[in-house]
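Good morning, and thank you for the time today. I would like to walk through one structure, a few strands at a time.

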Amino acid sequence: MKKYILILSTLFFGVTVMGQTEKVKLGVKAGLNISNLTLNESELNSSGKTGFTAGIMVEIPMAKNFSLQPELLYSQQGTKITFYDEEVANSHYKSTIELNYLNIPVMLKYYVIKGLSVQAGPQIGILLKANNKYQDNFLGYENQGSFNLKEYSSGIDTSVNFGLGYQLKNKFYTDVRYNISYSNVFKDGDANHYIDNNMKNKVFQITLGYFLQ
């Protein structure tokens with residue numbers, strides 16, 4: 001874990017050297033996540049979970065119309081799961097899988113016109129928290145509780161972002177992104193916790209930012 005943090009910190013802060021002769025902009029941003037996890041289990045139904053994201057960003061001009069934007073973001077992700085047993089009356093299961101990450105995306109931005117950019121880039125996420133809060137009803141008897149899923153998790157999420165951004169004249173900035181993971185959230189599956197090792201993150205994100213300079 002320390003090795004990943006060192007590499008990512010070097011990447012995040014070291015890229016500023018590439019833009020020393022240009023106008024490097026430092027900013028802050030926050031916004032909304034609508035996240036989900038891919039499921040292979042057909043009996044389970046998943047739906048989007050809303051969450052919060054916030055952090056810092058640095059825009060570094062690279063060439064005409066191109067810039068690089070590394071970021072450091074706290075991100076609340078996960079999914080909501082429901083399961084109904086049709087063979088057992090009054091039986092259902094509902095849960096919310098909460099996954100909190102420290103995400104480090106590095107976005108390549110191309111300005112199509114002044115202010116409007118298309119962007120894409122890789123992202124590495126360090127898992128900070130993994131929890132499953134559940135409520136079930138079996139034959140009319142209700143139970144609720146939570147599981148700590150950290151021991152089942154892979155710890156590191158690798159993904160790619162695609163999006164659009166717009167720079168307003170008054171230093172405000174907004175972007176919309178879609179993030180798709182290509183690594184598994186969990187290294188081990190467990191039917192009792194309603195997780196499997198093929199689950200991957202999917203996140204739609206909209207943020208508002210402000211460049212300090």
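**Strands, buried polar residues and a nonpolar core**

Let me begin with glutamine 205, which lies in strand β10, residues 201-211. Please keep in mind that this is a predicted model.

Is glutamine 205 buried or exposed? Its relative accessible area is 10%, and because buried means under 20%, glutamine 205 counts as buried. Its side chain is joined to that of asparagine 33 by a polar contact of 3.0 Å. Leaving aside residues up to four places away in sequence, glutamine 205 touches Leu32, Asn33, Thr53, Leu73, Asp175, Val176 and Arg177.

Three of those names, Asp175, Val176 and Arg177, bring us to strand β9, residues 172-181. The side chains of β9 alternate. On one face are Tyr173, Asp175, Arg177, Asn179 and Ser181, which are buried.

What does β9 pair with? Strand β8, residues 156-167, runs antiparallel to β9 and is joined to it by nine bridges. Within that pairing, glycine 165 has aspartate 175 as its bridge partner.

I turn now to strand β5, residues 92-113, where asparagine 103 lies. With a relative accessible area of 3%, asparagine 103 is buried. The side chains of asparagine 103 and glutamine 77 make a polar contact of 3.0 Å. Glycine 125 is 22 residues away from asparagine 103 along the chain, yet their C-alpha atoms are separated by 4.2 Å. Among the other residues that asparagine 103 touches are Glu71, Leu72, Leu73 and Ser75.

Finally, the nonpolar core. The largest one has 17 residues, and Ile97, Leu99, Leu149, Phe186 and Ile195 have the most contacts inside it. Two or more residues come from each of β4 (66-84), β5 and β6 (116-138). Which element gives the most to this core? That is β5, with four residues. Leucine 149 touches Ile97, Phe186 and Ile195, and its contacts also include Ala130, Asn131, Asn132 and His193. In soluble globular proteins, nonpolar side chains tend to be buried together.

Technical notes: Residues numbered from 1 in each chain as written. Predicted model: local features only at pLDDT ≥ 70, side-chain atom pairs only at ≥ 80, totals over all residues. Heavy atoms only, no water. Buried < 20%, exposed > 50% of the residue type's maximum accessible area, 1.4 Å probe, protein only. Polar contact = N/O pair within 3.5 Å; in protein donor to acceptor, adjacent residues only side chain to side chain. Contact = heavy atoms within 4.5 Å. Pairing = 2+ DSSP bridges. Core = buried A, V, L, I, M, F, W, Y, C linked by side-chain atoms within 4.5 Å.
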